[in-house]
Amino acid sequence: MILRDRVALVTGAGSGIGRAGAELMAREGAHVVILDRDASAGSDAAASIRDAGHRAEAHAVDVTDDAAVEKVVSAIAARHGRIDILHNHAGAQVPGDLESVDVAGFDRSWSLNVRAHFMAARFVMPVMRAAGRGVILNTSSSSGVLYDREMISYTTTKHAVIAMTRQMAGDYARFGIRVNALCPGWVDTPFNAPFIGQMGGRGAIEAYMRDKVPLGRWGTVDEIAECILFLVSDRSSYVTGQILVADGGETIA
Ligand SMILES: NC(=O)c1ccc[n+]([C@@H]2O[C@H](COP(=O)([O-])OP(=O)(O)OC[C@H]3O[C@@H](n4cnc5c(N)ncnc54)[C@H](O)[C@@H]3O)[C@@H](O)[C@H]2O)c1
């Protein structure tokens, strides 16, 4: 087991990609701490990990609430004496171009997609620095490297995640801490429900994928979980400040 006894915090792990990543980390021996604002989704994910014989706990936390995140980080550090992995995953999509995007929505998405990653990393960093090791993985998106039509809020924040990842990686490599970014493409989770509606249903989005994505299909959460495991484990021990784009080839098409 490649993560035996490591302590991993994963935000937004009550569903989708975050949950699949948390499940795989737990299967690989980590004690997983789920931070999700949806209390029942978080506790359901943790219970299913424990039912499978692995270790997990859930905390109902909105990660844009600095004080709540700091409290959980302090409690975990005090109880376990370590935090080896932080996967900043929770994020939101707010549609619209420069003139149509809801300005309050732009601020909310900045607060969740960028600032919450920043704050969680800031709270965890002293624990990792003291240990002389640690891994942070920030979820960006293929929209962090692409133009995405009428999605100014999403692309701006997801590009910012990559810049922030590189800054953290450069500043903290000397402490033995690696920081990378994950850029998924189309992955079939509830996250895309509003966009599917906007596109005119699943048939329309799947036709779009056959046309625009070289592999011609959705990615699965398990495929992305394998990328997560690579980036948070020692399998990527010489990788820092990088992005891993898992998008079926969309960004090269
Ligand atoms: N699914 C995709 O196609 C896709 C593609 C690229 C990037 N992403 C990124 O992945 C992340 C989420 O995607 P998913 O597919 O796993 O979504 P999902 O909707 O399946 O799960 C998101 C989880 O995050 C939680 N969450 C949302 N806001 C939160 C907050 N403020 N505090 C704590 N928890 C919160 C939700 O309760 C939910 O459990 C986002 O950062 C998104 O940008 C997804």
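Trainee: Leaving aside its neighbours within four places in sequence, with which residues is alanine 60 in contact?
Mentor: Two residues are in contact if their C-beta atoms, placed from the backbone, lie within 7 Å. Alanine 60 lies in strand E3; helices (H or I, at least four residues) and strands (E, at least two) are DSSP runs, numbered from the N terminus. Setting aside sequence neighbours within four places, the contacts of alanine 60 are Asp36, Arg37, Ala39 and Gly42.

Trainee: What kind of model is this, and how are residues numbered?
Mentor: Numbering starts from 1 along each chain as its sequence is written. This is a predicted model, in which local features need pLDDT of at least 70, side-chain atom pairs count only at pLDDT 80 or more, and totals for chains, interfaces and linings use all residues.

Trainee: Is alanine 60 buried, exposed or partly exposed?
Mentor: A residue is buried if 20 or more other C-beta atoms lie within 10 Å of its own, exposed if 12 or fewer, and partly exposed in between, with C-beta atoms placed from the backbone. Alanine 60 has 17 C-beta neighbours inside 10 Å, so the class is partly exposed.

Trainee: Which residue stands opposite alanine 60?
Mentor: Two strands pair if DSSP finds at least two bridges between them. Strand E2 (residues 31–36) and E3 pair in the parallel sense over six bridges. Opposite alanine 60 in E3 stands aspartate 36.

Trainee: What angle does the direction of helix H2 make with that of E3?
Mentor: Axes are lines fitted to C-alpha atoms, for helices over the stretch in contact, and angles run from 0 to 180 degrees between N-to-C directions. Helix H2 (residues 39–51) packs on the sheet and touches E2 and E3. Its direction and that of E3 make about 175°.

Trainee: What is the order of the strands in the sheet, and which are the edge strands?
Mentor: The sheet is open, has seven strands with parallel pairing, and runs in the order E3-E2-E1-E4-E5-E6-E7. An edge strand pairs on one side only, which leaves strand E3 (55–60) and strand E7 (243–246).

Trainee: What does the twist average from one strand to the next?
Mentor: The sheet in question is the open one of seven strands. From one strand to the next, its twist averages 15°.

Trainee: At what angle to E1 does helix H1 run?
Mentor: H1 lies across strand E1 (7–11), E2, E3, strand E4 (85–88) and strand E6 (177–184). Relative to E1, H1 runs at about 170°.

Trainee: How many residues of E6 are buried, and which lie on each side?
Mentor: In a regular strand the side chains alternate between the two faces of the sheet. On one side of E6 are Ile177, Val179, Ala181 and Cys183, and on the other Arg178, Asn180, Leu182 and Pro184, all of them buried. The count for E6 is eight of its eight residues.

Trainee: Which residue stands opposite leucine 182 in E6?
Mentor: Strand E5 (residues 134–139) and E6 pair in the parallel sense over six bridges. Opposite leucine 182 stands threonine 139.

Trainee: Is glycine 219 buried or exposed?
Mentor: Glycine 219 is in the loop between helix H7 (202–212) and helix H8 (221–232). Not counting residues up to four places away in sequence, glycine 219 touches several residues, including Pro184, Trp186 and Ala246. There are 22 C-beta neighbours inside 10 Å, so glycine 219 is buried.

Trainee: What is the phi of aspartate 5?
Mentor: Aspartate 5 lies in the segment before E1. With 12 other C-beta atoms within 10 Å, aspartate 5 is exposed. Its phi is positive in a residue other than glycine, near 65°.

Trainee: How many residues surround the ligand, and which are the closest?
Mentor: A residue is near a molecule or strand if its C-beta atom, placed from the backbone, lies within 6 Å of it. The largest share of the shell, three residues, comes from helix H1 (residues 16–27). The shell holds 27 residues, the closest being Gly12, Gly16, Gly91, Thr189 and Phe191.
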